[in-house]
Amino acid sequence: MSKRDCKLILALDLPEKEPAVEILRGLRGKLEWVKIGLQMYLKYGAELVREVSAMGFKIFLDLKLFDIPNTVASAVESVAALPVSMLTIHASGGREMIEAAVKAAERTNPDLAILGVTVLTSFDADSLAETGVELEPEWQVELLAKLAVSGGVRGLVCSPLEIGRLRGIVPEGVALVTPGIRPAGASSDEQKRIMTPSEAAEAGSDFIVVGRPILKAEDPAAAVEKILGEIDA
């Protein structure tokens with residue numbers, strides 16, 4: 001498969017805002033996208049989203065919403081007022097919830113892309129079986145991806161190991177966002193289904209998500225440049 005225009009997203013998963021913002025100051029002009037997850041959003045909320053956006057970064061708000069359809073739709077409407085470009089929901093929330101989230105975004109902020117999370121990269125077959133899912137991860141990813149796309153999502157979150165499978169079944173315009181990316185030689189941490197940046201880009205990922213290998217680097221800017229180099233290798 002030919003390599004797509006793959007972009008790097010920094011997962012800003014730190015406990016405090018000050019060191020996070022300090023890292024971002026050093027990455028302006030080198031990095032386009034930043035992911036803000038539950039930890040930072042619950043602590044600092046919309047203020048942090050606006051601050052990071054004001055620094056010139058595009059925001060991927062990774063909240064993985066999962067609730068009854070009306071509650072998720074209301075949450076999407078709340079987020080739609082913020083400078084957020086992508087927002088995650090759990091595809092396992094079902095068709096009605098997915099469609100409610102998509103319609104809420106279309107109603108309040110058509111530029112906000114709803115992404116469906118398939119199977120978390122910390123899950124393997126045993127982890128899924130413990131929750132009552134007997135399918136292998138790749139088959140569960142495919143099932144949820146088809147459901148999410150039929151519900152109108154504009155992108156999917158999957159491990160890099162499922163990129164090839166999904167590229168064969170989802171429309172070309174559906175973006176694939178892949179966490180579980182570790183540069184060559186980096187620790188896998190708790191991730192179980194991983195690839196290097198170059199492998200993920202070659203497989204057909206549109207966005208790769210990297211956190212600790214950048215955040216913990218002595219020189220985060222150099223780490224970003226190294227990863228971008230791996231993508232283009």
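Me: If buried means under 20% relative accessible area, exposed over 50% and partly exposed in between, with a 1.4 Å probe and protein chains only, how many residues of strand 5 (residues 113–117) are buried?

Reply: This is a predicted model, in which local features need pLDDT of at least 70 and side-chain atom pairs count only at pLDDT 80 or more, while totals for chains, interfaces and linings use all residues. Residues are numbered from 1 along each chain as its sequence is written, and side-chain values use heavy atoms, leaving out hydrogens and water. Strands (E, at least two residues) and helices (H or I, at least four) are DSSP runs numbered from the N terminus. Strand 5 is mostly covered, with 5 of its 5 residues buried: Ala113, Leu115 and Val117 point one way, Ile114 and Gly116 the other.

Me: Which strands pair with strand 5, and in which direction do they run?

Reply: Two strands pair if DSSP finds at least two bridges between them. Strand 4 is joined to strand 5 by 5 bridges and runs parallel to it; the chain passes between these two through helix 4 (residues 95–108) in a right-handed β-α-β crossover, meaning that, with the strands pointing away from the viewer, the path from the first strand over the helix to the second runs clockwise. Strand 6 (residues 155–157), also parallel, is joined to strand 5 by 3 bridges, and there Val157 stands opposite Val117.

Me: Where does Thr88 sit, and is Thr88 buried or exposed?

Reply: Thr88 belongs to strand 4 (residues 86–90), has Leu115 as its bridge partner in strand 5, and is buried at a relative accessible area of 0%. Contact means heavy atoms within 4.5 Å, and, leaving aside residues up to four places away in sequence, Thr88 touches several residues, among them Phe60, Leu61, Leu115, Val117 and Val157. A polar atom of the Thr88 side chain lies 3.1 Å from the backbone nitrogen of Leu63, and the side chain also reaches the backbone nitrogen of Lys64 at 2.9 Å.

Me: How many disulfides does the structure have?

Reply: A disulfide is a covalent bond between the sulfur atoms of two cysteines, counted here when the sulfur atoms lie within 2.5 Å. A search of the whole structure finds 0 disulfides. Cys6 is in none, since the nearest cysteine sulfur, that of Cys158, is 11 Å away, which is too far for a bond. Cys6 is buried, with a relative accessible area of 10%, and Cys158 is buried at 1%.

Methods:
Polar contact = N/O pair within 3.5 Å; in protein donor to acceptor, adjacent residues only side chain to side chain.
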